Amino acid sequence: SSIHCIRGTDLFGYIGIEAVLDQMRCKTMKAGFEFNIMVVGQSGLGKSTLVNTLFKSKVSRKSCAPDYEEKISKTVKLHSVSHLIEEKGVKMKLTVIDTPGFGDQINNDNCWEPIVKYVNEQYEKYLREELHINRKRRIPDTRVHCCIYFIPATGHRLRPIDVEFMKRLGKIVSIVPVIAKADTLTIEERQEFKERIRQDLAANGIHVYPQREYDEDPEERILNNRIRENIPFAVVGTDKEHQVNGNKVLGRKTKWGIIEVENVAHCEFANLRDLLIRSHLQDLKDVTHNIHYETYRVRRLNESNLNFSELGLSAVPLENGTADKCESDSHL
Amino acid sequence: KNELAMDKGARPLSLSGHVGFDSLPDQLVNKSICQGFCFNILCIGETGIGKSTLMDTLFNTNFENFESSHFEPQVKLRAQTYDLQESNVRLRLTVVNTVGFGDQMNKQESYQPVVDYIDRQFESYLQEELKIKRSLHNYHDSRVHACLYFISPSGHSLKSLDLVTMKKLDSKVNIIPVIAKADTISKSELHKFKIKIMSELVSNGVQIYQFPLDDETVAKVNTSMNGHLPFAVVGSTEEVSVGNKMVKARQYPWGIVQVENENHCDFMKLREMLICVNMEDLREQTHTRHYELYRRCKLEEMGFKDTDPECKPVSLQQTYEAKRQEFLEELQRREDEMRQMFVLRVKEKEAELKDAERELQSRFEQLKRLHADEKAALEEKKRLLEDDQSSFGKRRAAAQLLQAQSLTANGKKDKDRKKYVHVDTKAAVSSEQ
């Protein structure tokens with residue numbers, strides 16, 4: 001069948017096709033959204049605080065578990081905690097995955113392994129559900145949509161553990177690196193540090209979010225280029241509020257001043273928040289689903305030799321008239 | 001029902017400030033705008049019932065149409081795809097029409113090409129979904145989202161062809177029945193007709209598409225519309241002047257039927273329901289209900305299960321391996337069979353050839369014998385003939401001698417003897433012959 005192009009001018013009047021946008025909006029609001037965010041970095045870098053600041057509530061495990069002890073664990077364990085949050089009728093199930101013990105040992109060899117294992121386990125869970133005969137209407141999504149990696153504000157360069165981790169995880173999940181506790185760096189130091197980090201990332205072939213190769217069109221490329229020129233974001237987190245110029249602001253009070261977390265002149269928290277939540281949240285999910293998950297799936301199906309087309313799945317000729325030539329024909 | 005809350009371990013939490021994820025629906029919608037939407041409508045109805053005209057009227061445009069003949073030997077389907085754009089929404093619309101539906105003398109198999117078409121689209125999607133390297137979000141979805149079934153405006157009841165066809169399709173596609181050319185039915189007759197149709201559908205267990213009631217924003221209008229089914233429609237792309245406006249209408253000597261006038265027909269209701277209110281739901285139902293059913297049946301048919309007879313979960317790999325083993329064994333078996341068959345045929349041919357050879361040989365022997373016999377017979381004849389010849393020669397010689405003797409001995413008596421000898425000789429010769 002041929003495709004004819006009938007543009008808006010050919011339509012002799014308004015039909016109401018654009019109403020489908022509202023229909024879609026209603027349906028997605030009713031269904032709700034899921035978002036799974038992982039935080040990785042050694043103890044004391046302010047991971048829990050940052051996540052709480054991002055979502056303006058106590059979403060991290062540290063804040064919810066009443067018996068949480070500030071102990072350095074001997075191995076890297078992963079903990080996830082989920083909350084239902086709502087804003088202007090939009091419901092979201094937010095899962096924060098914490099990785100206590102990462103980078104805290106004397107010998108940190110292979111400390112990324114439990115994390116790699118966890119990420120792949122979520123892909124595996126989804127894949128199994130997707131392959132069921134009787135599938136759920138909505139497959140529960142526990143896949144990690146975004147991994148925030150905390151770089152300590154040394155001011156020098158990336159450390160070996162940073163490079164090793166991001167190299168490996170960057171292949172299977174979208175990494176957003178941030179400079180933690182950035183209030184110890186001046187603006188100049190910060191810029192230099194960021195530049196060196198970007199060089200180190202490029203030198204090691206590490207692709208962080210937003211990955212250049214997934215830009216879908218020129219507009220998106222321009223937008224994402226601007227972001228890529230500014231990462232990693234230098235952040236400061238807090239849940240305390242102070243009075244500044246008669247306004248209540250989130251900030252850290254020190255003897256030499258108040259660091260306003262949401263002030264872009266002070267730190268880049270707002271940029272991070274806008275990227276992760278206000279503009280690219282859906283994109284993070286899409287990249288996870290369309291790219292990372294598909295890559296995992298291809299690998300798994302090839303490993304297990306699961307090639308359905310080989311079984312001559314269809315005996316019905318396809319619509320364009322060509323019959324499905326399965327291997328059995330040539331074999332015989 | 002809040003689907004998310006059903007997950008265990010997710011506690012509700014209140015936010016102490018504006019986070020900003022309320023923009024999520026917009027983020028999602030913007031992505032969809034970039035990708036564009038697909039919508040596929042299947043129109044089933046008799047030739048000339050007004051399918052193409054209704055599509056033109058519905059989408060305010062002129063699709064390429066041509067009149068079909070009434071003499072199609074079989075029902076066929078014709079699909080055409082169009083790219084429409086309204087403000088920033090790009091819609092890829094595919095309109096599929098039946099050709100020759102209801103024209104054949106024997107309509108028993110009329111529904112089959114339609115069912116096959118719908119299944120082929122599901123199959124195509126399933127194959128893409130099961131590919132190793134797949135590209136689902138770029139896939140041109142050709143699955144039928146809405147099926148408009150055109151009912152003849154007889155005013156009495158549904159035809160058995162209608163019931164049979166709709167029954168075959170109700171688990172595969174969203175059926176929206178419409179009464180075509182509704183301007184041939186009076187208002188009171190129409191009301192009775194609608195009731196009759198709906199009750200026949202119910203009593204025959206035909207599941208038509210129900211406009212969804214679970215969303216409060218549309219529940220009210222959908223409930224009301226569900227009560228107006230089937231929609232009585234009139235289609236027209238020609239415009240007639242009514243009052244001081246040009247409206248789409250059909251002009252008769254006794255009046256003007258206005259397509260977009262809700263008092264005249266249900267066209268506006270159809271457009272409202274199909275496009276403005278429920279397009280997304282039609283797409284969703286097709287994907288989550290009809291397609292899933294097709295997929296489940298197809299995979300079960302191939303022997304895949306989620307749990308084994310003891311209700312323990314079966315790993316897909318196990319099933320796949322078993323299936324693959326089965327498949328390879330089947331291939332092997334067929335190969336062996338063919339090989340055996342080949343050997344058998346060769347043997348048969350060999351035997352055949354041997355028989356032919358033997359027969360040829362015996363015939364040759366026979367001919368040889370025949371030939372020898374004939375030769376012997378001829379030899380015998382030859383010998384007898386030679387014998388005769390020689391005995392005749394002897395007798396002639398004897399007679400001649402006698403003649404010679406009588407001549408020298410007696411003159412007078414010679415004449416008699418000559419006669420006598422001649423007669424004798426003649427008699428001897430004639431008795432030889």
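This is a predicted model: local features need pLDDT of at least 70, side-chain atom pairs count only at pLDDT 80 or more; totals for chains, interfaces and linings use all residues.
In this briefing, Ala, Val, Leu, Ile, Met, Phe, Trp, Tyr, Cys and Pro count as nonpolar, Asp, Glu, Lys and Arg as charged, and the others, Gly among them, as polar. With that classification, the lining of the largest cavity divides into four nonpolar residues, four polar ones and one charged one.

**Cavities**

- Across the whole structure, a search returns four cavities of 30 Å³ or more, and the volume of the largest cavity is about 50 Å³.
- The residues that line the largest cavity are S52(B), M55(B), D56(B), F63(B), N65(B), Q80(B), Y82(B), V95(B) and N97(B), and the elements that give two or more residues to this lining are helix 2 (51-58), strand 3 (76-86) and strand 4 (89-99) of chain B.
- Helix 2 of chain B supplies the largest share of that lining, with three residues.

**Chain B as a whole**

- The secondary structure of chain B consists of 10 helices and 10 strands, and 41% of the 433 residues in the chain are buried.
- Among the contacts in chain B with a separation of 6 or more, 66% are between residues 24 or more positions apart.

**Aromatic pairs**

- A pair of aromatic rings is described by the distance of the centres and the angle of the planes.
- Over all chains, the search of the whole structure gives 14 aromatic pairs; in one of them, Y123(A) and Y296(A) have ring centres 5.5 Å apart and planes at 40 degrees, so the pair is tilted.
- Because Y123(A) belongs to helix 4 (residues 113-131) of chain A and Y296(A) to helix 9 (residues 281-303) of chain A, this pair ties together parts that are 173 residues apart in sequence.
- Both partners fall under the 20% cut-off for burial, since Y123(A) has a relative accessibility of 1% and Y296(A) one of 8%.
- In chain B, the ring centres of F101(B) and Y149(B) are 6.4 Å apart and the planes stand at 85 degrees, so the pair is edge-to-face.
- F101(B) is placed in the loop between strand 4 and helix 3 (112-130) of chain B and Y149(B) in strand 5 (residues 146-151) of chain B, so the pair ties together parts that are 48 residues apart in sequence.
- F101(B) counts as buried at 2% relative accessibility, and Y149(B) is buried as well, with a relative accessible area of 1%.
- F122(B), Y125(B), Y139(B), Y291(B) and Y294(B) are linked by ring pairs into a cluster.

**Backbone geometry**

- Most residues other than glycine have a negative phi, and most peptide bonds are trans.
- The peptide bond from Y209(A) to P210(A) is cis, with omega near -5 degrees, and P210(A) sits in the loop between helix 6 (187-203) and helix 7 (218-228) of chain A.
- I231(A) and P232(A) are likewise joined by a cis peptide bond, with omega about 0 degrees, and P232(A) is in the loop between helix 7 and strand 7 (233-234) of chain A.
- K88(A), a residue other than glycine, has a positive phi near 50 degrees; K88(A) lies in the loop between strand 3 (79-87) and strand 4 (90-98) of chain A and is exposed, with a relative accessible area of 66%.
- K181(B) also has a positive phi, near 45 degrees; K181(B) is found in the loop between strand 6 (175-179) and helix 5 (187-203) of chain B and counts as partly exposed at 40% relative accessibility.

Notes: Residues are numbered from 1 along each chain as its sequence is written. Chains are lettered from A and ligands numbered from 1 in the order in which they are written. Side-chain values use heavy atoms; hydrogens and water are left out. On a 1 Å grid over the protein atoms alone, a cavity is a set of points where a 1.4 Å probe fits but cannot get out, and a pocket is an open set with protein on both sides within 12 Å along at least five of seven lines; lining residues have an atom within 4 Å of a point. Grid points are joined across faces, edges and corners, and a volume is the space filled by probe spheres set on the points. Helices (H or I, at least four residues) and strands (E, at least two) are DSSP runs, numbered from the N terminus. Buried means under 20% relative accessible area, exposed over 50%, partly exposed in between (1.4 Å probe, protein chains only). Contact means heavy atoms within 4.5 Å. Rings of Phe, Tyr and Trp (its six-membered ring) pair if their centres lie within 6.5 Å; planes under 30 degrees apart count as stacked, over 60 as edge-to-face and the rest as tilted.
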